[in-house]
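I opened this structure to look up a few local features. My notes are below, in the order I made them.

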Amino acid sequence: MMKKNRLAVERQKEIYDLIVQSGTVYVANLSRKFNVTKETIRRDLEALEKEKLIQRTHGGAVLNQHTPLHRQISNLDVKISIAKEALQFIEENDIIGLDSSDYSLQLAKELDDREITVITNSIPITLELINKPNIRLITIGGYVNHKLSSFVGAMAEKSVDNYRLGKYFLSCSGFDLEFGVFENDEMEGQVKQQFIKNADEVILMVDHNQFGKRSLTSLVGLKQLDKLIIDQGLSVNNLTLLKNKGLNVFLAH
């Protein structure tokens, strides 16, 4: 049964990728492509629709234009460069946590053949890593945050508390020198705080536009960050201010 479930998830990821690429897919074509029944494809599409990733149509499906998975398109080059910089801090046999941000999704896409364990509450990251057999993947369950395609709530926080992480990679809605790191979504912030609490090393990935911004939830102080990875758009003055705070800052290329 476990093997069948895994195959279904892998097929659903491929179907979703096809929808992203083409915009529309049809049940009959997918049935032939994957050599499964039309009913199986319909169940796959139903599962993807429940995750708010697609919208089923008569005879097929289209991309859900409201899905938050497309937010990574914004400033994509910067996010990829930051993810590549973050990759150097992941070593063989590491146990890492990834938040539900665009940065962590790009980092998941960069992960190579290193044998590591990844713990995440992100649905897109789960779908990204399901086909990488060298990665031991642990998904945190809970209520679905449709805006961020992530799991949140008391169940998610309790699940995170069961694990000890070597490194936790996250992003934020903003950060400043006085009050530290902020998160727009309160429930997402609570899950992140649990990850931070259980991690030996906390690594923040941001771009310079997030500097000086504050939002609803105060997530963590700057002193609790072990590394900050940022693009090269930050002014020399602000970079100096961050370093004077004792932050270990790495510039993405």
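**Ground rules.** I am working with a predicted model, in which local features need pLDDT of at least 70 and side-chain atom pairs count only at pLDDT 80 or more, while totals for chains, interfaces and linings use all residues. I number residues from 1 along each chain as its sequence is written, and side-chain values use heavy atoms, with hydrogens and water left out. I take helices (H or I, at least four residues) and strands (E, at least two) as DSSP runs, numbered from the N terminus.

**The sheet.** I looked up an open sheet of three strands and found the order β10-β11-β13, with antiparallel pairing; two strands pair if DSSP finds at least two bridges between them. I noted β10 (174-176) and β13 (217-220) as the edge strands, each pairing on one side only. From one strand to the next, the twist averages 35 degrees. Between β11 (residues 180-183) and β13 I found three bridges, and F182 has S218 in β13 as its bridge partner. Helix α8 (residues 186-197) packs on the sheet and touches β11 and β13, where contact means heavy atoms within 4.5 Å. The direction of α8 makes about 15 degrees with that of β13; axes are lines fitted to C-alpha atoms, for helices over the stretch in contact, and angles run from 0 to 180 degrees between N-to-C directions.

**Helix α3.** Which residues of α3 are buried? I listed T40, I41, D44, L45 and L48; buried means under 20% relative accessible area, with a 1.4 Å probe and protein chains only. They cover an arc of only 140 degrees around the axis, so they lie on the same side of α3; the arc is that of the directions from the helix axis to the C-beta atoms. Just after α3, I noted a positive phi of about 65 degrees at K52.

**G60.** I found G60 in strand β3 (residues 60-63). It counts as buried, at 2% relative accessibility. G60 touches V25, Y26, V27 and L45, leaving aside residues up to four places away in sequence. Although G60 and Y26 are 34 residues apart in sequence, their C-alpha atoms are 3.9 Å apart.

**S122.** I located S122 in the loop between β5 (116-120) and α6 (123-129). Is S122 buried or exposed? Its relative accessible area is 2%, so S122 is buried. Leaving out residues up to four places away in sequence, S122 touches D99, S100, S149 and S150. The S122 side chain also reaches the backbone nitrogen of I125 at 3.1 Å.

Technical notes: Buried means under 20% relative accessible area, exposed over 50%, partly exposed in between (1.4 Å probe, protein chains only). A polar contact is a pair of N or O atoms within 3.5 Å; within protein, one must be able to donate a hydrogen and the other to accept it, and residues adjacent in sequence count only if both atoms are side-chain atoms.
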